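Subject: Model handover: pocket and salt bridges

Hi,

My notes follow below it.

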Amino acid sequence: MSKMLIRLAALAATALFLAGCQTAAEVRANDEGKCRAYGFRPNTDAFAECLQRIDLDRRAAFRATRMEPFMWNQPVVIYARPRRH
């Protein structure tokens, strides 16, 4: 019974994860919309730089959240040997 609950929980977690996913085309369209909203015109160097900055920011945020649980939110425990005189 325990294995069945674990499988059900994993399936539910996977379904929730996939519900929030966007296709690459949807991500690109959203990014282009942001750059247009900032006032950049398509097919210009400034527009391309805007898209690049958004992508770089997204990657940096992903790296930060991926590493955060392992590095920053964990308590650090330091064990010391008792001193002998």
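By class, the largest pocket is lined by three charged, two polar and two nonpolar residues. Ala, Val, Leu, Ile, Met, Phe, Trp, Tyr, Cys and Pro count as nonpolar, Asp, Glu, Lys and Arg as charged, and the others, Gly among them, as polar. The lining is Q22, V27, N30, D31, K34, R58 and F62. Helix α2 gives the largest share, four residues. Helices are DSSP runs (H or I, at least four residues), numbered from the N terminus.

This is a predicted model, so local features need pLDDT of at least 70 and side-chain atom pairs pLDDT 80 or more, while totals for chains, interfaces and linings use all residues. Numbering starts from 1 along each chain as its sequence is written, and side-chain values use heavy atoms, without hydrogens or water.

A pocket here is an open set of points on a 1 Å grid over the protein atoms alone, where a 1.4 Å probe fits, with protein on both sides within 12 Å along at least five of seven lines; lining residues have an atom within 4 Å of a point.

Now the salt bridges (Lys or Arg side-chain nitrogen within 4 Å of an Asp or Glu carboxyl oxygen). The whole structure has six. D31 pairs with R58, closest N and O atoms 2.6 Å apart. That pair links distant parts of the chain, α2 and α3, 27 residues apart. R58 also bridges to D55, at 3.7 Å. Shared partners join D31, D55, R58 and R59 into one network.

Best wishes

Methods: Helix = DSSP H or I, 4+ residues; strand = E, 2+ residues; numbered from the N terminus.
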